[in-house]
Amino acid sequence: MTHNYIAGEWLPAAETSPNINPSNTNDVVGEYARASAAETERAIDAAYDAFPNWSRSTIQARHDILKTVGDEIHARKDELGRLLSREEGKTLLEGIGEVTRAGQIFHFFAGECLRLAGEKVPSVRPLIDVEITREPLGVVGLITPWNFPIAIPAWKVAPALAYGNTVVFKPAELVPGSAHALSEIIVRAGVPVGVFNLVMGRGSIVGEAMLNSPKVSAISFTGSVPTGRKVAQTCITADPMKKVQLEMGGKNPMVVLDDADLKVAVECAVNSAFFSTGQRCTASSRLIVTDGIHDQFVAAMQERMQGLVIDDALKAGTHIGPVVDQSQLDQDLKYIRIGQAEGAKLVAGGDLLKREAPGFYLAPALLTEVSNGMRVAREEIFGPIATVTRAKDYDGALELANDTPFGLSSGICTTSLKYASHFKRNAEAGMVMVNLPTAGVDYHVPFGGRKGSSYGPREQGRYAQEFYTTVKTAYTFDGNGPYVQKTKSRE
């Protein structure tokens, strides 16, 4: 059984939960501790007490710890990637890739420790200096999802520590293994007692304790829209108020124009919609295709989908692994039925699959004749299901692409510089891809969206400092100016 890490100790818990391999439900990855509200509060207290010293630690000390974390992640990428794929269900290549990205994130923020900078500017008044600096917030609560069980924790934990905050980290209960392994690495790197705390368990218990604690200064959350809204409301109405950062859902469009390279468009669509079993907030579940290429595109997609191998995530040659659990599988199947009831046509996939071991296997599904008002075109499904909507021309496609309550990622496949440039400027999304999958981003640049997808400052890259720090403006008078002279003259 694995333990929580609280106030510098690995502590057992009264409750545990099993971590089930979705590729083989007979395989239990491990039993993981569930923290209670009292244990969460103890972790918060430890982080609160550790903040004064950590926030004033040297940038070299913080750099060295984060670099050590990144080094160990890279050295163990195959082992950690296998663990990730075993518990979450993405293919082994994808799992190793995600672990590699986590190591890169820690290395980037190790460098950010040494790149911390402020400004010194002249005042509009004589003999006064103005300094603008950034300072850490305090205790930061980090709540992460199940679909990227090491990369998303990395891009929250690394900047939080780099900028001098202390951390209480609650990973998704469905995939605790990668988070626990990452926590062990952070502890071994020499993080001081109380600076980093791991509290695994239910959101209704651990998350609530973090949200309701007056000692927590900020919450960074990635997850569903309904939970995100609750997190935001609680943080904003808290006393004192908490700074809040939300990354939530997506219903990302990929526009395919008549002039697109058909092979490029199909590969972008298959990667965006189905890889990682479609369980990415940046997945392109809406394919918007103009009249002139529509039929060719659908036929090419059907042919390409026939060649996809859906099997055990750890097996060589697997393109797509299982859905993460029974609940998500049920949701995927429900939405396929909803789409058909609304008038959509299932032209490929959508079948439950049996493999060597019992698992949550679903053939990726393609629905055509979908209008933008259908539920399958408006609600996030979070599975290997893509819809195809026909558009008359570019203008119609752009209008459809922007007609969504979400705004995370948006893509276009075209050989036209005119349309590519116009789309980049006018797509209502935080990220835009041209002739690339909508999923897949770099670790050193901002990540985030608009509308119902995101709230608060961006994650990743230098822009992470906008959330994990607060700005201070300090004025200094040199002591020999007119204010002193006026005072002396009065005397």
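Before you start, note that the model is predicted: local features need pLDDT of at least 70, side-chain atom pairs count only at pLDDT 80 or more, and totals for chains, interfaces and linings use all residues. Residues are numbered from 1 along each chain as its sequence is written, and side-chain values use heavy atoms, with hydrogens and water left out.

**Stop 1: the largest pocket**

Select W146, F221, G223, S224 and T227, which lie nearest the centre of the largest pocket among its 40 lining residues. A pocket here is an open set of points on a 1 Å grid over the protein atoms alone, where a 1.4 Å probe fits, with protein on both sides within 12 Å along at least five of seven lines; lining residues have an atom within 4 Å of a point. Next, colour α7 (203–212), β10 (216–222), α8 (225–237) and α11 (326–342), the elements that each give two or more residues to this lining. Helices (H or I, at least four residues) and strands (E, at least two) are DSSP runs, numbered from the N terminus. The space in the largest pocket is about 950 Å³, a volume being the space filled by probe spheres set on the grid points, which are joined across faces, edges and corners.

**Stop 2: the second largest pocket**

This pocket has a volume of about 340 Å³. Select R101, F148, R280, G440 and V441, the closest to its centre of the 18 residues that line it. Then show α4 (92–114) and α5 (151–162), which each give two or more residues to the lining. The largest share, four residues, comes from α4.

**Stop 3: an open sheet**

Now select three strands, which form an open sheet in the order β5-β6-β22 with antiparallel pairing; two strands pair if DSSP finds at least two bridges between them. β5 (119–122) and β22 (469–477) stand at the edges with a single partner strand each, so one side of each has no neighbour in the sheet. Zoom in on β5 and β6 (residues 128–136), joined by four bridges, and find V121 opposite V130 in β6.

**Stop 4: Y394**

Finish at Y394, which lies in helix α13 (residues 394–402). Is Y394 buried or exposed? Y394 is buried, with a relative accessible area of 6%, where buried means under 20%, exposed over 50% and partly exposed in between (1.4 Å probe, protein chains only). Show L257, T290, I412, Y419, H422 and F423 too: Y394 touches these, not counting residues up to four places away in sequence, and contact means heavy atoms within 4.5 Å.
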